[in-house]
Amino acid sequence: MKRSTLFRKSTAAPLGTSRQDDFAYLQPGEIYLDAACQSLRPQPVVDALTDYYTSYNACGGRVKYAWGQKVDAQVADTRKAVLGLLGLSARTYATSFTLNTTYGLNLLLQQLPLGRFDRVVTSHIEHNSVFLPTITAARRLGVPRLVLDRAADGALLYEPAQLEKAVVVVNAASNVDGRQLVNLTDLVRDTHARGGIVIIDAAQAMGHGRALLQKTEADAVCFSAHKMYGASLGVVVARHDLLASLELSFVGGGMVQDVREEDFDLVQGDPGALLEPGLQAWGEIIALGRAIQWLGDTRPGGLAPSDHLSALSTRLYDGLAEIPGLTLLNNTPSPVISAYAAAQDAHRLAVFLSHSQIMVRSGYFCAHHYLKEQLDLPPLLRFSLGLHSTASDIDSATQALARLLKGLS
């Protein structure tokens, strides 16, 4: 076994092996360890979506009948709940809904005003949802793009001068090894002091690392509801002044107050609508509101959600670290852990594990530049946990992988 640092044995209280009632649809033996792609949905979220489709399946927005008014009220509640989750004020920030994190990042980056910025800044450990749009945004703006390193703890390594009039786009938590942007507050302060903006990819952080993001003064935070126990949906929380500065080219119904033959007037008083052309995913938005509520009141295994994930992360890290021939990318426990066995193909291992109903992701996890080009690694296995996970899941998965590698050696 090779790893960067000595692992620590868990001192957390032992977790039960029973499923929460909210995930009772999981069949015995099914072990889902791909929550970094999308989390499983607890039954209350499934029920909220089903209730919309079967009880008041109407459009919101400019509607006078009861079903539509109920939709509008619940969508408004979800917008408030998102801001509440981040500790942000509606006086300064607006919530918009879109397809996913990637879509939200593109809506912002591809409509930034020309001539205002001198560079685009990102890091090597970004998901393609950040890495690719920063390439095309820099081309569109006609400015250089700077790719910086991240420290072992996730901090962005920068010199203040590199932030001069910069568009900084980085993740709050890596989808490869879970390391967090621990210097977010300093980064935002230093960037704003030099006339730049900060856009955060919070897809991996919103489910289990929101403390880092609360009361952030970043200009925008983009994330996906389907990685935090909601239905498939993207969310953008952005400052009013950033939204007002956009040179809008992606427009449609829902964004306008009036339309004439050669011009139109944008809707007033609702900054979030500037990123919401066309019909919205009403049911999915309502389900996100229920997911946020569920995250606030669930207590898996008798522990608070953060304690539950912390204990399981340590258990998973320790279990994987004990397997001969397996190399961990992580330096510390995390709900997202990536590893590889140098002598075995990760895709083949994932297939063999799936025969035992153990579901893990294999490949480069949309982080091709970092894993393939920079680190020159083969395809990896990724184990990612959620609030549905149990100690029994961890033990079964690590023991199965150990047996598999022993048998293949």
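Predicted model: local features only at pLDDT ≥ 70, side-chain atom pairs only at ≥ 80, totals over all residues.
Guide: Residues are numbered from 1 along each chain as its sequence is written, and side-chain values use heavy atoms, with hydrogens and water left out.

Visitor: Why are α1 and α8 called roughly antiparallel?

Guide: Helix α1 (residues 43–55) and helix α8 (residues 282–297) pack at an angle of about 150°, with their axes 8 Å apart. Angles under 35 degrees count as roughly parallel, over 145 as roughly antiparallel, 65 to 115 as roughly perpendicular and the rest as oblique. The pair is therefore roughly antiparallel.

Visitor: What makes the contact between α1 and α8?

Guide: Contact means heavy atoms within 4.5 Å. Among the residues involved are V45, L49 and Y52 of α1, and I286, R290 and W294 of α8.

Visitor: Why does D219 count as buried?

Guide: The relative accessibility of D219 is 6%. Buried means under 20% relative accessible area, exposed over 50%, and partly exposed in between, with a 1.4 Å probe and protein chains only. D219 is therefore buried.

Visitor: Where is D219 found, and which residues is D219 in contact with, leaving aside neighbours within four places in sequence?

Guide: D219 is found in the loop between α6 (205–208) and β7 (220–224). Its contacts beyond those neighbours include Y93, H192, I197, V198 and R239. The C-alpha atoms of D219 and I197 are separated by 6.0 Å, although the two residues are 22 residues apart along the chain.

Terms used. Axes fitted to C-alpha atoms, helices over the stretch in contact; angles between N-to-C directions. Helix = DSSP H or I, 4+ residues; strand = E, 2+ residues; numbered from the N terminus.
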